[in-house]
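Me: I should like to learn how to read several features of a structural model, one at a time. Please give the general idea and then the case at hand.

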Amino acid sequence: MTKQIETKEKDKEKGMSTGSNRRDFLLKALSAAGLASFASILPANATEIPREEVAHVLDMPEPFPNGGILERMRGELHRALKKPIEQRKWVMVIDLQKCIGCKACTVSCISENNLPPGVVYRPVTEEEVGVFPHVRRQFLPRPCFHCDNPPCVPVCPVKATYKRPDGIVAIDYDQCIGCRYCITACPYGARTFDYGEYYENGTPEILPYELRPSPEYGENRVRTEGEDNKSPKGNARKCQFCLHKITNGMLPACVTTCLGGATFFGDYNDSESLVRELIGTDRVKRIKEELGTEPNCYYLV
Amino acid sequence: MKKTGIIILAVFALIGFYTIGLRFSEGLQTTHLNAVFWGEWVAFYIYCIGLSAGSFLMSTLIYVFGMHQFEKMGRLALLSAFVALLSGLTFVWIDLGHPWRFYKMFTHWNHTSVLAWESMFYIFYTFIILAELYMLMRHDLATLRENSIGRKKSIYKFFSLGWRIPSTEEGQAQAKKDSMKWVKILGVIGLPVAIGVHGGTGALFAVVAAKPYWFSGLFPIIFLVSALVSGCGLMLLLYSMLGDKDEDYIPMLKGIRGFLVLFIGIDILLFISDMLVGSYGAIPEHTAIWHRIMFGNYWYVFWIGQIFMAWLLPMLICSLRSIKDKANWMALAGLFTVIGIVNVRFNLVIPAYTEPQLPGLDIAFSGHPRLSYDYFPNFVEWFSSFGIFAFMILVFLALWTLLPVNESISRGMEKSSLAH
């Protein structure tokens, strides 16, 4: 702990001396502050939850103090994981001024979750704003918003979709009957249906890349032929903030692959977290708030 | 003629079984469903549930409201309510992504889901229809059992649940009285249940705040009224074809026709109210859908199917003095209504999905047809639907010939017992 505080101090100094611009300095100072609270929370909470539950987090490499925003968010992620699950609340912040519409997030999400055709968790919509010559394209990446009042959850006839204590809206693939009521009820189109197709349909062979297990929910399910009970075929599917990654101390795929650094992820209950800072700015907007869904994805416009 | 009809139905049923087999072996990828997640099968599901609820409510006219002039169609209405319910449940069952997990509706019942409530309603409703039919036919079934031999005897023994006609006259009279008492009780319970069954099916859609086209308190009522329209149409059609051509025949059809006209009138009224209010507010997701229904690619479903076939044509037939009292024309009015309401059901379900939830979402995922917002059913969906209908018509005809649904003797019995 003393070591960490030392690092923090050093960091501060470094930030002050080398900070060529204000933004750089601010980021470094913030990441240092993040680390400080990380250090102070650690011993207190480690006693609260059994060590074996957080062991995998404690074993993870420490975030680099100078690693920039991604490392800061990773540090905050580690800090959150050391708290009991019901004290975390995962939120995403997307800076639309920084989004360049490259769709790297869409692609990395498909790759990470091994998604079949027709299943997309994070599309990026495009809209033309303004009138020529004052015109621009507006991009809007759309993950699942993991609403606090999710319209998709109460409509499920079999309790297959539910809100986890950490705020993530999850689907139990063994429970889902595939009625698609949740897909219908989502005002954001955040759910899609696994119709059971392969990219290689119509070719002589389904190639091994399509039969790789999907790591979703840490369950490593393989999409086998037919309606195998273990296969996610015939189910509603959705973004789960890369739950399998975050429980292992890694940021969601869309966050780490965002070229413009437009996607932020963290714990809303951590007052020192980057996402909380960003949500405190005056650029924040949520989509279709009038429906009372209380989405946990904030846009900076 | 009769034989050819049955062969055609059987052929359609067989093709239907084949396509349903395809659906079960390959999953829902055999359909054309895409970002329109509820398609033809769901439309036919609500159509059949509507037919069922409509027929059942027609039977309550007799057994609950005491309109005994309709007595002769009572059993027919209940039988068609049962077969239509079976068809509807088949449609929604094959539409599930995991049909074999349907039992979870009961083992993991979620009280906040309208769909879960509906599954309970369907079970309860099936029980009421069957119990009511049994009570109405118990005496006849027992008679048939005694008068037949061999396999038929055991069939009737099964259907009569082993019940035997009491030996004494008083016992018989008492049994008939009990039957009719039970029919009345079941009908009284069945009335709110049938309203729940179809109003609830409407509520399934109406509670979805994400779809302004559905999100209206009027929606479940429109479901219910159009169910009554289709129920009257079905009764008009069935009774004109199957009913005994006796002195009650034409007055009976006229009576049903009166209800048909009444319900079509209410249906049009509710529809116009919903449409005008909905399109007056300039909410894009709402007005765009109305615009697409009327002037989109499938405009004919609305103008020809819904407006002309389901409403105007039956109304016209039922009001032209030269033809309105002819049985064949009334049958035709019933037929047009029954087919026309299919279009109403399609337009209730599918257009709601055609508008992207967020601007640009329809073109955000470039390319894959499964993410398209334009839907038209493919051959698997069409032929499985035709197959289910053909098979269910055969089931209906089999039950019609096997069971004392239209036995003249039974009618004599009911009349005497209801006359008290």
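The dialogue below takes up the sheet, a helix, backbone geometry, cysteines and cavities in turn.

Me: What kind of model is this, and how are its parts numbered?

Reply: This is a predicted model, in which local features need pLDDT of at least 70 and side-chain atom pairs count only at pLDDT 80 or more, while totals for chains, interfaces and linings use all residues. Residues are numbered from 1 along each chain as its sequence is written, chains are lettered from A and ligands numbered from 1 in the order in which they are written, and side-chain values use heavy atoms, with hydrogens and water left out.

Me: What is the strand order of the open sheet of four strands in chain A?

Reply: Strands of a sheet pair through backbone hydrogen bonds, either parallel or antiparallel. Strands here are DSSP runs of E with at least two residues, helices are runs of H or I with at least four, and both are numbered from the N terminus; two strands pair if DSSP finds at least two bridges between them. The order is β8-β1-β10-β9 (chain A), with mixed pairing. Because β8 and β9 of chain A stand at the edges, each with a single partner strand, one side of each has no neighbour in the sheet. Strand β1 (residues 90–95) of chain A runs antiparallel to β8(A), joined by five bridges, and Met92(A) stands opposite Phe265(A).

Me: Is strand β8 of chain A buried or exposed?

Reply: Buried means under 20% relative accessible area, exposed over 50%, and partly exposed in between (1.4 Å probe, protein chains only). Five of the five residues of β8 (residues 263–267) of chain A are buried, so the rest of the structure largely encloses this strand.

Me: How does the span of helix α2 of chain B agree with expectation?

Reply: The expected span is 1.5 Å times one less than the number of residues. For the 24 residues of α2 (residues 40–63) of chain B this gives 34 Å, and the end C-alpha atoms are 34 Å apart, which agrees. This helix is mostly covered, with 24 of its 24 residues buried.

Me: Which residues have a positive phi, and where is there a cis peptide bond?

Reply: Most residues other than glycine have a negative phi, and most peptide bonds are trans. Cys242(A) has phi near 50° and is found in the loop between β7 (236–238) and α9 (243–246) of chain A. Phi is also near 50° in Lys288(A), which counts as buried at 14% relative accessibility. A cis peptide bond joins Phe132(A) and Pro133(A), with omega about 5°; Pro133(A) lies in the loop between β2 (124–131) and β3 (134–141) of chain A.

Me: How many disulfides does the structure hold?

Reply: A disulfide is a covalent bond between the sulfur atoms of two cysteines; the criterion here is a pair of cysteine sulfur atoms within 2.5 Å. The structure holds zero disulfides over all chains. Cys152(A) has its nearest cysteine sulfur, that of Cys186(A), 6.1 Å away, and is buried, with a relative accessible area of 7%.

Me: Which residues lie nearest the centre of the largest cavity?

Reply: A cavity is a set of points, on a 1 Å grid over the protein atoms alone, where a 1.4 Å probe fits but cannot get out; lining residues have an atom within 4 Å of a point. The largest cavity is lined by 15 residues, of which Tyr213(B), Ile222(B), Phe271(B), Gln306(B) and Leu348(B) lie nearest its centre.

Methods:
1 Å grid on protein atoms, 1.4 Å probe; cavity = no way out; pocket = protein on both sides within 12 Å on 5 of 7 lines; lining within 4 Å.
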